[in-house]
Amino acid sequence: MKIGIIGAGNIGGNLTRRLTALGHDVSVANSRGPHTLTALAEETGATPVRAEEAARGAEVVVVTVPLKAVPDLPSGILDGAADGVAVIDTNNYYPQQRDGRIAAIEDEGRTESRWVEEHLGHPVIKAFNGTYAQDILDRPRPAGDPDRMALPVAGDDEAAKAKVRALIDELGFDTVDAGGIDESWRQQPDTPVYGLRAGVEGVTKALAEASPERPAAFRG
């Protein structure tokens, strides 16, 4: 499968490593240009590209940049993607630590991924936002393994969600359907499932225990 990754930080870099190892055709971009991705490309066989080229022909696009950088992504960044492209949003809102205050999230009640979706102009699937980057490399397990971790996955596009869940299964993790994007607050920072290393039962329980009230540490 052709996959575009926009953002080559910890999550983006490790997804590049795993997905290329599984045989996928990966294009990877960052904000500093393809010349800064030479080492990652040599390590993995991924193709370094400019951000506006990452989605071309892609069946899955991963957007994994700091939340505050989403509005600055090139206009039409998803132009040229394959029909039915699934767009994965891994982002989190850290108003005090990094992103500054975003009124649409705090005053108007948008979930973080709904805000991302509006800026991209395309439905997104929220996944990997609470996953430790190193776990992507270190904790894959075969299906049925009692130690296999489960990841929550939220989104409104059921076909895209199914595609993302199948890809996560291929990466070595179970998934739990966390509902639509307006329910994705259940996996935002400081919720019970955020950073949780557990199987399907534990993740399902943690999602159910989440509170929609935004904790003070994650308000601007």
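Modeller: Take strand 2, residues 25–29. Helices and strands here are DSSP runs numbered from the N terminus; a helix (H or I) needs at least four residues and a strand (E) at least two. Strand 2 is mostly covered, with four of its five residues buried. Buried means under 20% relative accessible area, exposed means over 50%, and partly exposed is in between, using a 1.4 Å probe and protein chains only.

This is a predicted model, so local features need pLDDT of at least 70 and side-chain atom pairs count only at pLDDT 80 or more, while totals for chains, interfaces and linings use all residues. Residues are numbered from 1 along each chain as its sequence is written, and side-chain values use heavy atoms, leaving out hydrogens and water.

Now look at the partners of strand 2. Strand 1 runs parallel to strand 2, and five bridges join them. Two strands pair if DSSP finds at least two bridges between them. Across this pairing, A29 of strand 2 faces I6. To get from strand 1 to strand 2, the chain passes through helix 1, in a right-handed β-α-β crossover. Right-handed means that, with the strands pointing away from the viewer, the path from the first strand over the helix to the second runs clockwise.

Strand 3, residues 47–48, also pairs with strand 2 in the parallel sense, over two bridges. There, T47 is the bridge partner of S27. Helix 2, residues 38–44, lies on the path between them, and this β-α-β unit is right-handed too.

A nonpolar core is a set of buried Ala, Val, Leu, Ile, Met, Phe, Trp, Tyr and Cys residues joined through side-chain atoms within 4.5 Å. The largest one has 28 residues, and those with the most contacts inside it are I5, L15, L19, F128, V164 and I168. Strand 2 supplies at least two residues of this core, as do strand 1, helix 1 and helix 7, among other elements. Helix 7 gives the most, with five residues. Another core lies apart from this one; it has 27 residues, including A51, L67, V70 and I77. In soluble globular proteins, nonpolar side chains tend to be buried together.

How do helix 1 and helix 7 meet? Their axes are 10 Å apart and cross at an angle of about 80°. Axes are lines fitted to C-alpha atoms, for helices over the stretch in contact, and angles run from 0 to 180 degrees between N-to-C directions. The two helices are therefore roughly perpendicular. That label covers 65 to 115 degrees; under 35 is roughly parallel, over 145 roughly antiparallel, and the rest oblique.

I168 and F128 deserve a stop. Beyond its neighbours within four places in sequence, I168 is in contact with F128, A127 and L151, among others. Contact means heavy atoms within 4.5 Å. F128 sits in the loop between strand 6 and helix 6. At 4% relative accessibility, F128 counts as buried. Its phi is positive, about 70°, although F128 is not a glycine. Most residues other than glycine have a negative phi.

Finish at V61, in strand 4. V61 is buried, with a relative accessible area of 0%.
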